[in-house]
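This briefing covers a strand residue, a nonpolar core and a pocket. Please read it alongside the sequence and the model.

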Amino acid sequence: MQNPLKGMFAPAAVAATADDERDASGKPQVTLARALERDWLEAWYQPKVSLQTGNWIGAEALIRLRHPELGVLGPGAFLPGAPEADLLALTERVIVGALRDWEECAALGMPGLGLAVNVPASAFAVLPIARIIREARPKAAEWPGLILEVTEDQIVNDLTIANEVAAELTAESCSLAIDDFGAGYSSLARLRQLPFSELKIDRAYVTDCHRDRVKEGLLESIIALARRFGLKTVGEGIETAHESHKLQGLGVGIGQGFLFAKPMPKEDLLARISATTGKQRAAPAPRGWWQFGAAPTLKTG
């Protein structure tokens, strides 16, 4: 099958990078602002699987930049130091894009695949997230809702603001997940001021957990607390079958990591769903902001 992304940059698009600022080695400087302006961003997805069955039950949207000269770049190449306004514009586009991407997954016979997006805590104070979702959400009855992942270290400083919008999100069938739990050493009891439904255990606790007794003890404590509060648990960064089996034995229900699948372009995700369900999809739309929804205007009210 022909790669739908091959040849998508016209010579004029490549030539346009000649005007970009370049570093000492002559490589173009890449910024989020330029990527937003030139439609270089893509949503890639990493599946989340049931550790009991091995089935895909969800996927996390991860941002990538496809540069005409440099190829595919991870977020570390363009997100650090980006102005907050650009980060918020990106957040809105990824949310809208994930809502539309779910409809494609559902059309291929996998409506139960719950998609998740990362949201900076500051977005709760600035973006009308609940309204954005309400206006763009799928209307299908089987839509499982969108999961908004917020890192522990960020949300602990904005609990009051986040709590104000949490009820609105719940009304839109959306839920919150604590991402990278354990990295910030926060109290789970304090974080339970918000209606989280999912706790993602930081990969630092997962790596080699099958042979590290200290990590095993910490995991037992985290999982017991999560169970007490009725939270689903997700093991992040699982790379070996030993780690997966250990987490399952400790009571972790969901896994995410290279053992199961690396982050993949949306087209690859949909192709694998199609191969699983046997349903064929319509021809993909031309690449552009269709991946994220129409280019939005940043709203503050």
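**Strand residue S50**

S50 is part of strand β1, residues 41-50 (helices, H or I of at least four residues, and strands, E of at least two, are DSSP runs numbered from the N terminus). This is a predicted model, in which local features need pLDDT of at least 70 and side-chain atom pairs count only at pLDDT 80 or more, while totals for chains, interfaces and linings use all residues. Residues are numbered from 1 along each chain as its sequence is written, and side-chain values use heavy atoms, with hydrogens and water left out.

- S50 has a relative accessible area of 13% and is therefore buried (under 20%; exposed is over 50%, partly exposed in between, with a 1.4 Å probe and protein chains only).
- Apart from neighbours within four places in sequence, S50 contacts N55, I57 and G253 (heavy atoms within 4.5 Å).

**Nonpolar core**

- The largest nonpolar core contains 75 residues, and F124, I129, L146 and L169 have the most contacts inside it (a core is a set of buried Ala, Val, Leu, Ile, Met, Phe, Trp, Tyr and Cys residues joined through side-chain atoms within 4.5 Å).
- Helix α3, residues 84-107, gives the most to this core, with 11 residues.
- Not counting residues up to four places away in sequence, I129 touches I95, V119, A123, F124, L148 and L169.

**Largest pocket**

- The volume of the largest pocket is about 910 Å³ (the space filled by probe spheres set on grid points joined across faces, edges and corners).
- A pocket is an open set of points on a 1 Å grid over the protein atoms alone, where a 1.4 Å probe fits, with protein on both sides within 12 Å along at least five of seven lines; lining residues have an atom within 4 Å of a point.
- Of its 35 lining residues, E60, L62, P75, L79 and N118 are the closest to the centre of the largest pocket.
- Helix α3 provides the largest share of the lining of the largest pocket, six residues.
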